[in-house]
Amino acid sequence: MYRYDQFDHDFVKARVAEFTDQVDRRLTGEITEDQFKPLRLMNGVYLQLHAYMLRVAIPYGTLNSRQLRMLGHIARKYDKGYGHFTTRQNIQYNWPSLSDIPAILGDLASVEMHAIQTSGNCIRNVTADHFAGAAADEVADPRPYAEILRQWSSVHPEFSYLPRKFKIAVTGAERDRAAIQVHDIGLHVKKNAEGELGFAVYVGGGQGRTPMIAKKICDFLPEKDLLTYSTAILRVYNLHGRRDNKYKARIKILVHETGAEEFARQVEAEFTALKDGDLKLPEEDIRAIERYFAPPSLTARPEGDEALRLARLDSRGFSEWLDQNVITHRHADYAAVTISLKGIGEAPGDASDSQMEAIADLAERYGFDEIRVSHEQNLILPHVARADLKAVYDALVGIQLATANSNLITDIIACPGLDYCALANARSIIVAQNISKRFASMERQREIGELKLKISGCINACGHHHVGHIGILGVEKKGAELYQVTLGGSGDENTSVGEIIGRGFGPDEITDAIETVVDTYLRVRSDGSETFLDAYRRVGQAPFKEALYAGEAKAA
Amino acid sequence: MKVLTANRLTDGEAVWLAADESWSASIDDAVIASDKETEGWLSAAGDAACADNLVVDVNLIDIEQVDGQTVPIRLRERIRAAGPTNRSDLGKQAKHHAGRSD
């Protein structure tokens with residue numbers, strides 16, 4: 001993975017010193033809250049309901065064991081013994097004191113981490129496929145490009161005060177696991193007919209109050225032009241994006257109002273003017289960054305097949321976990337493991353200090369020192385020898401993280417919601433927990449099959465409800481929580497925005513409503529191989545509406 | 001009826017303005033304003049505390065009295081006064097539990 005050079009070390013150290021001074025000046029009253037707020041936000045510090053919240057950047061979701069151990073240490077020393085992994089592959093601490101934050105940032109800097117640009121109207125943490133470098137279906141590892149974008153966008157003088165925040169995601173595989181079509185810029189790494197690497201460029205996707213699917217404005221951008229073209233997009237946005245209305249300030253609105261074709265023309269004009277200038281990436285620079293992400297040397301471990309055959313016979317739990325949470329690796333003797341942070345009835349994405357440390361130990365011992373954070377709020381060990389999977393499973397059982405529910409209905413994405421967040425209108429975590437408990441039976445979950453359920457506690461959609469196969473949006477109506485259900489959303493290569501099915505449900509009704517939706521699916525699906533999403537796309541809203549609301553219509 | 005709430009500058013803890021003009025970590029200590037005049041006094045005290053850099057994000061919130069307890073009308077404020085509803089071991093509710101078990 002990427003290692004800081006002297007410039008990076010000095011830069012982060014200087015930033016810690018600068019923010020330490022700003023915190024001191026705030027605490028002594030030398031600067032006001034109005035003056036301090038933009039400074040703290042630039043360093044990832046929010047004020048939430050119960051305390052400050054610190055959002056720490058995990059570039060493209062990649063961690064080594066030393067870093068994860070430090071995240072556990074921070075949870076224990078400065079917080080309340082846990083952290084929350086987010087849909088942007090970051091981690092948030094919910095309880096730090098402002099006076100402790102300089103020390104936390106110092107600890108983070110010691111393991112090459114920081115909280116810069118995790119808030120504010122700038123280019124945020126660049127996200128990527130969590131199976132990058134391991135996935136069998138990958139054309140190229142997307143992380144070198146994400147790292148190039150990170151270096152370019154860090155405190156970029158021209159793009160630090162954009163009309164609104166800006167999010168970039170990169171995938172290196174046809175199967176999009178990074179939800180690139182709901183990002184401001186989505187990059188799909190691909191090869192052209194000549195075998196050269198480049199990108200399909202999507203722009204103007206996003207969720208929030210106005211969900212939009214990104215438009216493809218370039219089918220093949222040579223890799224050398226990555227920064228030039230990105231600059232061209234950002235310039236058009238910076239110039240024409242709306243600053244008069246926060247809710248219309250994202251690039252998706254500009255692309256929508258301008259029209260994708262005209263927007264692409266403007267980008268092209270800017271690109272032509274910039275092309276072959278200083279931003280053109282020299283081949284040797286790309287390859288140099290790529291070397292940081294060179295795959296570990298995976299020695300042959302052919303004994304895995306026999307080991308797994310025997311272990312399966314020995315343990316049904318292991319066998320189920322293997323089928324659900326382990327995916328094919330590009331090397332036949334290895335696998336990528338999803339560590340579910342969605343134990344039945346647990347808060348999605350939360351991990352305790354000791355769990356983080358135990359996972360760091362596992363990564364060090366069995367996983368070539370690599371851990372990933374997925375945007376689905378799970379942790380990943382991307383390279384584990386199949387022969388070691390049983391040992392990893394046994395260790396995960398010991399720390400209560402062996403739930404075999406990856407991609408099943410209890411693998412729920414949920415934002416912190418009204419239990420923590422100052423923006424939220426309704427709770428999310430408790431809704432997730434209740435649904436998780438209702439569908440606790442693993443047998444039932446497997447019978448239902450792949451089902452992505454996503455919950456947001458407000459219209460900002462941090463819980464990605466728009467792209468949930470089943471989405472739940474919490475709102476406040478007449479002082480009470482109300483949950484709107486959307487069906488048919490998807491955040492993959494066939495992205496779609498879910499459709500509202502009808503009137504919302506109260507906190508005591510929402511679990512039953514979800515069960516009704518699921519039971520309806522089981523009734524209408526053509527056979528066990530037709531997923532919820534496929535069935536919904538085939539039959540539409542009608543049977544679900546009927547099941548949820550028919551009684552009411554008759555009563556009325 | 002209203003009380004004045006804020007977050008303490010140093011650690012962000014949710015606090016309420018008490019009768020002695022201190023900021024209490026318990027809503028039970030909050031001064032209740034039942035008239036415009038008291039609301040005005042609360043607001044002025046909040047402005048002064050902001051200017052003194054004691055607290056941030058000061059708000060007057062609606063409450064009701066239930067069995068002698070001060071209970072905010074909005075769920076958001078009830079959660080601020082107690083802690084996350086999914087973790088009774090966190091927030092002020094945890095301190096209350098700890099206090100009772102002592």
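A: V155(A) is found in the loop between α5 (143–153) and β7 (168–171) of chain A, where helices (H or I, at least four residues) and strands (E, at least two) are DSSP runs numbered from the N terminus. This is a predicted model, in which local features need pLDDT of at least 70 and side-chain atom pairs count only at pLDDT 80 or more, while totals for chains, interfaces and linings use all residues. Residues are numbered from 1 along each chain as its sequence is written, and chains are lettered from A and ligands numbered from 1 in the order in which they are written.

The phi of V155(A) is near 40 degrees, a positive value in a residue other than glycine. V155(A) is exposed, because 12 other C-beta atoms lie within 10 Å; a residue is exposed at 12 or fewer such atoms, buried at 20 or more, and partly exposed in between, with C-beta atoms placed from the backbone.

Q377(A), in the loop between β14 (370–373) and β15 (379–385) of chain A, also has a positive phi, of about 70 degrees, although it is not a glycine. Q377(A) counts as buried, with 26 C-beta neighbours inside 10 Å.

Leaving aside its neighbours within four places in sequence, I359(A) is in contact with L68(A), I339(A), I371(A) and L379(A), contact meaning that the C-beta atoms, placed from the backbone, lie within 7 Å.

Elsewhere in chain A, helix α14 (residues 429–438) and helix α16 (residues 510–524) pack at an angle of about 50 degrees, with their axes 9 Å apart; the axes are lines fitted to C-alpha atoms over the stretch in contact, and angles run from 0 to 180 degrees between N-to-C directions. V431(A), N434(A), I435(A) and R438(A) in α14(A) meet I510(A), T511(A), I514(A) and E515(A) in α16(A).

Finally, 22 residues of chain B are in contact with 22 residues of chain A. On the side of chain B that touches chain A, α2(B) gives the most, with four residues.

Key: Two residues are in contact if their C-beta atoms, placed from the backbone, lie within 7 Å.
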